[in-house]
Amino acid sequence: MATDSFGRRIDYLRISVTDRCNLRCIYCMPPEGVQWKPHDEMLSFEEIERFAKVAVQEGISKIRLTGGEPLVRHGIVDHVRRLREITGLEAIAITTNGTLLRRYAAELKEAGLERVNVSLDTLDPDTFAHVTRGGSLKAVLDGLEAAFEVGMDPVKLNVVVVRRLEQDLLGFARMTLERPLHVRFIEYMPVGGVSNEASCASGSTDIWTEDDYVPAEEILGRLQLEAIEAGLGELLPVAKNRAPGGWGPARYYRLGDAPGTLGVISPLSHHFCGECNRLRLTADGKLRTCLFSDDELDVRTVLRQGSEEDVHEIIRTALATKPASHNMRIGTVRGMSQIGG
Ligand code: SAM
Ligand code: SF4
């Protein structure tokens with residue numbers, strides 16, 4: 001079991017397999033797009049798998065693949081299959097924008113991936129096209145459908161709440177009445193925005209403003225009110241042991257006896273740093289100990305020039321230097337598409 005210097009158990013690794021994406025969400029990517037890293041600066045699948053194997057020996061038991069959009073990287077299904085074979089790894093999950101999920105859901109499931117988080121901020125096709133700068137809502141809903149069809153479990157929906165988008169939160173709540181879908185509303189975070197480099201190189205956006213930030217308590221208040229007004233009943237807290245199996249800090253609620261749940265993730269209004277259980281590996285091979293900290297350890301060089309013991313050592317260094325909490329609201333040099341969410 002791995003613990004950091006504050007006694008937190010660290011058993012969860014998020015791996016960004018690419019900085020590329022087939023969407024351009026306004027809060028995640030700069031309008032001019034991201035200047036993709038050269039191929040040789042990106043970790044190969046073989047390098048990621050070597051790192052993951054050592055990480056599991058050091059105490060990691062859960063891996064989530066993210067990006068950019070993980071499903072745009074060629075060979076992702078075989079990568080999942082090889083990761084799944086690592087002795088000691090309990091589960092693999094993916095966070096995806098869902099656009100390619102219809103194409104890959106069955107193969108991913110067969111390769112050993114059961115848990116999927118689909119990111120979707122609006123159920124209105126025009127707003128969706130605006131937020132993603134041209135994406136198709138239909139493709140994402142179809143991908144979500146495919147996840148259920150192949151039996152992925154749990155299936156979660158990530159909704160970043162941004163005030164100016166005027167999202168229909170109740171529309172998402174209604175979806176939880178129909179099937180075991182776990183919708184999580186996420187506070188909009190000031191990631192990116194302090195880049196000294198050109199934003200297209202760092203993948204940073206600088207559009208976050210305090211005005212667009214909606215605290216979790218406001219999200220819950222709005223949902224509660226709208227659900228009661230619509231005759232859907234009250235939003236009731238779900239006990240931790242009855243919440244959908246998760247690796248993160250969401251707080252869950254349920255509308256009556258709905259099969260699905262509604263959750264909030266509140267990195268800004270409720271620090272959950274004390275329970276933080278994760279490390280992040282970027283697609284270019286940097287290990288981040290905190291989403292909000294730009295301090296990174298150079299895994300890529302160690303994988304290419306060091307020994308296996310050096311890889312163990314860099315993970316131990318990460319555990320020893322993981323900060324107690326984050327400096328929220330100051331932004332980061334790298335944008336979310338490069339860090340992996
Ligand atoms: N492309 C995949 C997707 O969209 O799910 C995986 C990568 S994306 C960077 C991971 C998650 O980060 C998504 O759920 C996205 O909505 C979320 N995200 C991006 N920028 C964010 C921000 N500024 N605040 C909160 N969440 C953000
Ligand atoms: Fe792509 Fe995901 Fe970022 Fe949207 S949030 S631009 S889908 S990486």
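## Basis of the description

Because the model is predicted, local features need pLDDT of at least 70 and side-chain atom pairs count only at pLDDT 80 or more, while totals for chains, interfaces and linings use all residues. Residues are numbered from 1 along each chain as its sequence is written, chains are lettered from A and ligands numbered from 1 in the order in which they are written, and side-chain values use heavy atoms, with hydrogens and water left out.

## The shell around ligand 2

A residue is taken to be near a molecule if one of its heavy atoms lies within 4 Å of it, and around ligand 2 the residues are C21, L23, C25, C28, M29, G68 and N97. For sorting by class, Ala, Val, Leu, Ile, Met, Phe, Trp, Tyr, Cys and Pro count as nonpolar, Asp, Glu, Lys and Arg as charged, and the others, Gly among them, as polar. Under that scheme the shell of ligand 2 holds 5 nonpolar, 2 polar and no charged residues.

One of these shell residues, C21, has a relative accessible area of 17% and is therefore buried; the word buried means under 20% relative accessible area, exposed means over 50%, and partly exposed is in between, using a 1.4 Å probe and protein chains only.

In general, a disulfide is a covalent bond between the sulfur atoms of two cysteines. Here a disulfide is counted for a pair of cysteine sulfur atoms within 2.5 Å, and by this rule the count comes to 0 disulfides. C290, for example, is in no disulfide, since the nearest cysteine sulfur, that of C273, is 6.2 Å away. The relative accessible area of C290 is 12%, so C290 is buried.

## Helix α1

Helices are DSSP runs of H or I with at least four residues, strands are runs of E with at least two, and both are numbered from the N terminus. Helix α1 covers residues 45-57, and its 13 residues, at 1.5 Å a residue, should span 18 Å, which agrees with the 18 Å between its end C-alpha atoms; the expected span is 1.5 Å times one less than the number of residues.

The buried residues of α1 are F45, E47, I48, E49, F51, A52, V54, A55 and V56. The ring of F45 has the charged end of R73 sitting over it, 4.0 Å from the ring centre, where such a contact requires NZ of Lys or CZ of Arg within 6 Å of the ring centre and within 35 degrees of the ring normal. Just after α1, G59 takes a positive phi of about 125°.

## Aromatic pairs

Rings of Phe, Tyr and Trp (for Trp, its six-membered ring) pair if their centres lie within 6.5 Å, and planes under 30 degrees apart count as stacked, over 60 as edge-to-face and the rest as tilted. A search of the whole structure finds 3 aromatic pairs. One of them is the edge-to-face pair of Y12 and W247, with 5.2 Å from centre to centre and 75° between the planes. Y12 lies in strand β1 (residues 12-16) and W247 in the loop between β7 (235-237) and β8 (251-255), so this pair ties together parts that are 235 residues apart in sequence. Y12 is buried at 2% relative accessibility, and W247 is buried at 11%.

F172 and F185 also form an edge-to-face pair, 6.1 Å centre to centre and with 80° between the planes. Because F172 lies in helix α6 (residues 169-178) and F185 in strand β6 (residues 181-187), this pair ties together parts that are 13 residues apart in sequence. F172 counts as buried at 1% relative accessibility, and F185 counts as buried at 0%.

## Backbone details in loops

Most residues other than glycine have a negative phi, and most peptide bonds are trans. In this model, a cis peptide bond joins D153 and P154, with omega about 0°, and P154 lies in the loop between α5 (137-149) and β5 (155-161).

Positive phi values in residues other than glycine include that of R133, near 55°. R133 is found in the loop between α4 (125-131) and α5, and at 33% relative accessibility R133 is partly exposed. E166, which is not a glycine, has a positive phi of about 45°; E166 is found in the loop between β5 and α6 and is exposed, with a relative accessible area of 70%.
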